[in-house]
Structures are given as structure tokens and as C-alpha cells.
Amino acid sequence: GNFIWPLLQEDQSMFFYACDFSPRAVQFVKDNPNYDPSRCSAFQCDITNDDLSGNVPQDSVDVVSMIFVLSAIHPDKMEAALSNIIKVMRPGGCLLFRDYGLYDYAMLRFAPGHKLSENFYVRQDGTRAYYFTTEKVLELAERCGFDRSQSQCEYIQRETVNKKEDLCVPRIFVQGKFLKPKSS
């Protein structure tokens, strides 16, 4: 949602598709005063199951951003999500990815009983979080048709500061750039 607002202001020629599993999140985008249906289409979608090409023409998208998206999806459905996304990307299109990395501070803080499977946890509010290795992301991307030779994936380490509690915590993220091959 918030990713598109500065980009819409920067370049008047861009068109955006924005989807979310949550109808409430989609409505939040549509209620923004900067939402313009002639420049942006926001819609609800389960990218693990719903065909994206029902809302987005196949082979049409130049850049896809998946910022903390894949970690909320069950590991058994991650491949379906990426396969769905690559269908709407144009040949040579780019997927920008950022998500939680293995041994991130949030992962280490989970209490016993919150682990669902390897690297996959449930938070107190019921949402889920998967913690990736770079190799896992690269393997997933390659299995879904992204060009491994053109892929970049790395760990990003940051510190998050909670000034109220005077706490500084180390964060680990996985960040990547993946290209759809120019020809099949």
C-alpha cells in the first residue's frame, strides 16, 4: 500500500496493481486521497490460489515488489504464489523481494509452542512468519522460473531501536532481485 504513493507522485506515466489477502488492507488503499483508479488498481487476492491474471494481464508487469509477503504464506504454498506472480510479469521483468532472515531477533524471541515447522512460526495474534535463508529464496525463485544466473540475494543486517524501552535489537532480513527470463 504505502509503497505506491511516492511513486505515483514521482512519475505520472506509471500504472500500479496492488493486491492483498486482506479486504480491509485493499479498502485502506482505495480510501487514500491519492488513489486514482486510472493509475492504480487495488484488489483482494489470495496469491497462493487466485489467478492473478484475472486482474492483471499476463506478461505485462515490469516490476513486482514482495516486501514481507512470502513469510506470511505457508511454506507449502510459497511456490504457488511465486508461480502466479511470474505469469503476470513481462519477459525481463523484475521481482524485488525483502523478508525476514533466519535468526532474526523476532525469530529468536518466540516462546516454546509457537514453532509450526522448520523456520515457520505463529505470532500471538495468529499471523505467521517464515524466516528465510538466501539459498531457500534462490531455490524457490529458480523452481518458479526466475533466471538464477541473473538473481541477486543477500542478508541485510539492521538495528532497530526502541527509544521508549532503551532497547537496540539486531534484525536480519533477506533481500533479493529476481528476473523473469527474456524468452522461454
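At 43% relative accessibility, Asp59 counts as partly exposed. Here, buried means under 20% relative accessible area and exposed means over 50%, with partly exposed in between (1.4 Å probe, protein chains only). This is a predicted model: local features need pLDDT of at least 70 and side-chain atom pairs count only at pLDDT 80 or more, while totals for chains, interfaces and linings use all residues. Residues are numbered from 1 along each chain as its sequence is written, and side-chain values use heavy atoms, with hydrogens and water left out.

Back to Asp59: the residue sits in the loop between β2 and β3 and has a positive phi of about 55 degrees, although it is not a glycine.

## The overall build

The protein has five helices and nine strands. These are DSSP runs numbered from the N terminus, with helices being H or I over at least four residues and strands being E over at least two. Reading along the sequence, you get the pattern α-β-α-β-β-α-β-α-β-β-β-α-β-β.

For 184 residues, a compact globule would have a radius of gyration near 16 Å, and the protein's 17 Å agrees with that. (The radius is taken over C-alpha atoms, and the globule rule is 2.2 Å times the number of residues to the power 0.38.) Along the principal axes, the C-alpha atoms fill a box of roughly 45 × 40 × 30 Å. Buried residues make up 40% of the 184 residues. Take the contacts (heavy atoms within 4.5 Å) with a separation of 6 or more: residues 24 or more positions apart account for 66% of them.

## The largest pocket

The largest pocket has a volume of about 1500 Å³. A word on terms: on a 1 Å grid over the protein atoms alone, a pocket is an open set of points with protein on both sides within 12 Å along at least five of seven lines, whereas a cavity is a set where a 1.4 Å probe fits but cannot get out; lining residues have an atom within 4 Å of a point. Grid points are joined across faces, edges and corners, and the volume is the space filled by probe spheres set on the points.

The lining takes in 45 residues, and Ala18, Cys19, Asp20, Ser65 and Val69 lie nearest the centre. At least two lining residues come from each of α1 (4–10), β1 (16–20), α2 (23–30), β2 (40–44), β3 (61–67) and α3 (78–88). Of these, β3 gives the most, with seven residues. Sorted by class, the lining has 32 nonpolar, seven polar and six charged residues. For that count, Ala, Val, Leu, Ile, Met, Phe, Trp, Tyr, Cys and Pro are nonpolar, Asp, Glu, Lys and Arg are charged, and the others, Gly among them, are polar.

## Aromatic pairs

A search of the whole structure finds 13 aromatic pairs. Rings of Phe, Tyr and Trp (its six-membered ring) pair if their centres lie within 6.5 Å; planes under 30 degrees apart are stacked, over 60 edge-to-face and the rest tilted. Phe68 and Phe173 have ring centres 5.6 Å apart and planes at 75 degrees, so their pair is edge-to-face. Phe68 is in the loop between β3 and α3 and Phe173 in strand β9, so the pair ties together parts that are 105 residues apart in sequence. Phe68 is partly exposed at 32% relative accessibility, whereas Phe173 is buried at 10%.

Phe97 and Phe178 also pair edge-to-face, because their ring centres are 6.4 Å apart and their planes are at 75 degrees. This pair links distant parts of the chain too: Phe97 is in strand β4 (residues 89–100) and Phe178 in strand β9, 81 residues apart. Phe97 is buried at 3% relative accessible area, and Phe178 is buried at 1%. Finally, ring pairs link Phe68, Tyr100, Phe110, Tyr121, Tyr131 and Phe173 into a cluster.
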